[in-house]
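Please keep the sequence and the 3D view open while reading.

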Amino acid sequence: MRPVAYTKQLVPGTKNPEPDFAYVNTFNMKQEKIITLEHVTKRFPVGDGEFAALRDITLDFQKGEFAGLVGPSGSGKTTLLNIIGSLDSPTEGTAMVMGKRISALSHKQSARLRNLHLGFIFQVFNLLPVYTVYENVEFSLLLQNRSASERKKAVMEALEWVGLEKMANKKPAKISGGEGQRVAIARAMVKRPEIVLADEPTANLDAKNAHAIIQTMKKLNEELGTTFLFSTHDEKVMSYLDRLVHLNDGKVAQDELVNHKTKTP
Amino acid sequence: MIRFLLKGILRDKNRSMLPVIIITIGVTLTILLSGYLKGVMGDLTDQNARFETGHVKVMTRAYYENKDQLPNDLALLDAAALTDTLRKAFPDMQWVNRIRFGGLIDVPDGDDGSKGQGPAVGMALELLSASSGEIQRMNIPGALVKGHLPARSGEALIGHDFATKLNVKIGDEITYMGATMNGSLTFYRFSVSGTLRFGSAGLDRGAIIIDISDARTMLDMEDATGEILGFFESNVYNDDLALAHAARFNSRYVQVRNEYAPVMIALRDQNNLAGYLDYVDMFSLLFVGIFVFAMSIVLWNTGLLGGLRRYQEFGIRLALGEEKGHIYRTLVYEAILIGAIGSVIGTCTGLLGIWYLQVHGIDISGMMKNSTMMMPSVLRARFTPDLLYIGFIPGLFAMVFGNMLSGIGIYKRQTAALFKELEV
């Protein structure tokens, strides 16, 4: 489903009256559909009945998008993130991620999809406390059986992206919350995933750190072309996003493209 | 990945140090208990075999019926021929003649009077025959407190406490007073060549040990013997084989109605040892089994708690794309590593304890001052080959089993709940 707000905002600023044309011209880097959801419904058994967390969701995300799922608690943000992250599968409908149909994947294939193509950033940084910053970032690459030299190069590069190369040997307990979340970003990014799923990544950070974190992610999005999909209700995060998918009661209430040139984050 | 996991184990003390300490303690206790039980129980069997029953014993039927009275009037005749027959028929055993006797020991004062007297239990062994192995079997050199082994006929060894009580010194003469095989009174003078302490209160306080040739002269038992004892070459009692030998020997005399016909009795059928041996087997098995089971539950719980404590870590690893099977396998590998380290350390410390208890033992002589029971006054553990691996049952298998059970939770874990769980 093409976001309606997208064309509404872009068309007035262009001479071309064709919304699709404008879309292609402006976002020609983002034309590859990386996530496609068609009529996705997710129901959970509750007592004798069922609760529908997602209802008939049809959405797609292009490669390189910096988008967010926004909405109040219980609106279905995390459920949708779970399905896109191959942690869960829809009850009805089709969810395609990186060309893979989520409901058709075995546990092993799901794990492989997450390992190779998806990065996760959690609200709590969830670093492994006994390992150093370097080792936490290295872990994803170990799962991919990369050589030691490859791992070292990739880990140091990822730490440079987030400005923590000098903290490589520190343990998570010795770094601040903001640094911890930057390590989590480096961990998610080190394997160069196509998609990064971030669940309330700034919820535990102060305003200064939250801005720094979101700027870091935005920079990575622009430089590496990684698709970032957030689940958030944080205004600070929303102000950086190019697209906001508003969820309410498990339905898409609004799919809004945001032109940041007209906004100051 | 292995290096990564090792780093985790070494750095996380709750994951390594604590389980290793628990396993080490558990394995050490298992080995100590098992070795101590084997030592104590085995000592009792061994002591009975060495001093009294042999692994099998041949007597006349009548002697066997009244053996508590030391009835030498019912002794075996033609002992040499019968011993030869036994050596040929059962070459896997060493056969020795022994005569047990009771009587009174008098210590003369040199003026036709008596310095002291005391009842004695006598044992006549093939002391002067180097090939009999009796000196080693009875561990006489080890038990010798003062003096030397009898080097010639007419010399005797007596219990050290007995000697102290009678104020007998090495080289002093003592007189045995008792009855011959034919019932007549006999007096026989010995020179005390040494004093012994076997660690058995009954023997130490009233034993006299002489060469069997002296006993035969003293008791009119020419070519006769009260008992012919058979010992397995390995010196380890084999109940099944002993019973088989006895059955085979006795089958030759089934038709003989003579009460002087020889009969072979296995160790288990003497001194009420059957019940004891069964009790030892059952008790050892039960006690060690219960202990191993209890330790297994403790270590299983250690593994279980370890798995629960790492719930969040496993969640992160699942989210990062590690397969459930891989996480489960690494959990098991870690348990094997920790279990093996703890079991090896525990086995070493346990064996060290066993060595100490085997060499030094626990002296219970203070509790046995008035005891006449034939049992060692120093309880010792015994090293047996099974101690090398028994600790691995609770240490390795229980630990791995506990982790395997707790690890099943990894498979049951709903990845869909990961985001929620990892928010905590």
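In which sense do strand 1 (residues 33–46) of chain A and strand 2 (residues 49–62) of chain A pair, and over how many bridges? In this predicted model, the two strands of chain A run in the antiparallel sense and are joined over 10 bridges.

**The hairpin in chain A**

- Across the pairing, A:Lys42 has A:Leu54 of strand 2 of chain A standing opposite.
- Two residues lie between strand 1 and strand 2 of chain A in this hairpin, where A:Gly47 adopts a positive phi near 60°.

**Fold and dimensions of chain B**

- Chain B is made up of 16 helices and 12 strands in its secondary structure.
- The radius of gyration of chain B is 30 Å, whereas a compact globule of 424 residues would come to near 22 Å.
- Taken along the principal axes, a box of roughly 105 × 55 × 30 Å is filled by the C-alpha atoms of chain B.

**Packing and surface of chain B**

- Of the 424 residues in chain B, 54% are buried.
- Among contacts in chain B with a separation of 6 or more, 77% come from residues 24 or more positions apart.

**Charge in chain B**

- Chain B carries 39 positive and 42 negative side chains, with a distance of 13 Å between the centres of the two sets.

Key: Residues numbered from 1 in each chain as written. Chains lettered and ligands numbered in written order. Predicted model: local features only at pLDDT ≥ 70, side-chain atom pairs only at ≥ 80, totals over all residues. Heavy atoms only, no water. Helix = DSSP H or I, 4+ residues; strand = E, 2+ residues; numbered from the N terminus. Rg over C-alpha atoms; globule rule 2.2 N^0.38 Å. Buried < 20%, exposed > 50% of the residue type's maximum accessible area, 1.4 Å probe, protein only. Contact = heavy atoms within 4.5 Å. Lys, Arg positive; Asp, Glu negative; His and termini not counted. Charge placed at Lys NZ, Arg CZ, Asp CG, Glu CD. Pairing = 2+ DSSP bridges.
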